Structures are given as C-alpha cells and as structure tokens.
Amino acid sequence: IKTAEHKKLNDAYMFINETLMQALLKIDGIECTPDAEKARQRRRQAVRLLQSWMDQMDRKRESIKQAEVTISQ
C-alpha cells in the first residue's frame, strides 16, 4: 500500500476507533436502577455491539498489516 493510502487508512481507523470508544464510555457511564431491567439489558446490548465493532476494526487493521507484509516479501 502506498504511503498516502496507508496514512489515510490509519487515520480512518483511528477516527472510527476513537468514535466507538467515546460512545462506549458514554454508555458505560449510564447508571441504571436495579428495577430498570430493560434499560440494563439495552445498555449491555449496546456495549456488546460497540465492542464487536471495535473487534471488527482491529481484525481488519490486522489483515491489512498482514497483506502489507506478504506484498513486501
């Protein structure tokens, strides 16, 4: 991958990852009362969804790194 393309991909990754992390922190800061079971379930669902998106981003980033190594050999 060309240097400019690599920088663009890395910048996009960092932006998306930071946005997801900020959303995760906001959701994590939500406190639900013990009797608000539905709200707690939705909060857990949102946390799991955000974490899965972050995991997907990490896997994509790693696959790009592996492709770069393969191409450079």
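What radius of gyration does the protein have, and what value would a compact globule of 73 residues have? In this predicted model, in which residues are numbered from 1 along each chain as its sequence is written, local features need pLDDT of at least 70, side-chain atom pairs count only at pLDDT 80 or more, and totals for chains, interfaces and linings use all residues. Side-chain values use heavy atoms, with hydrogens and water left out.

The radius of gyration of the protein is 17 Å, whereas a compact globule of 73 residues would have one near 11 Å; the radius is taken over C-alpha atoms, and the globule rule is 2.2 Å times the number of residues to the power 0.38. Along the principal axes, the C-alpha atoms fill a box of roughly 60 × 20 × 10 Å. The protein has 2 helices and 0 strands, assigned as DSSP runs (helices H or I, at least four residues; strands E, at least two) and numbered from the N terminus.

Buried residues account for 14% of the 73 residues, where buried means under 20% relative accessible area, exposed over 50% and partly exposed in between (1.4 Å probe, protein chains only). Of the contacts (heavy atoms within 4.5 Å) between residues at least 6 apart in sequence, 59% join residues at least 24 apart.

In soluble globular proteins, nonpolar side chains tend to be buried together.

Beyond residues up to four places away in sequence, Met54 touches Asn17, Leu20, Met21 and Leu24. With the same exclusion of residues up to four places away, Met57, located in helix α2, touches Tyr13, Ile16 and Leu20.

Leu9 is found in helix α1 (residues 3-28). Leu9 counts as partly exposed because its relative accessibility is 42%. A C-alpha separation of 8.8 Å is found between Leu9 and Arg61, which are 52 residues apart along the chain.
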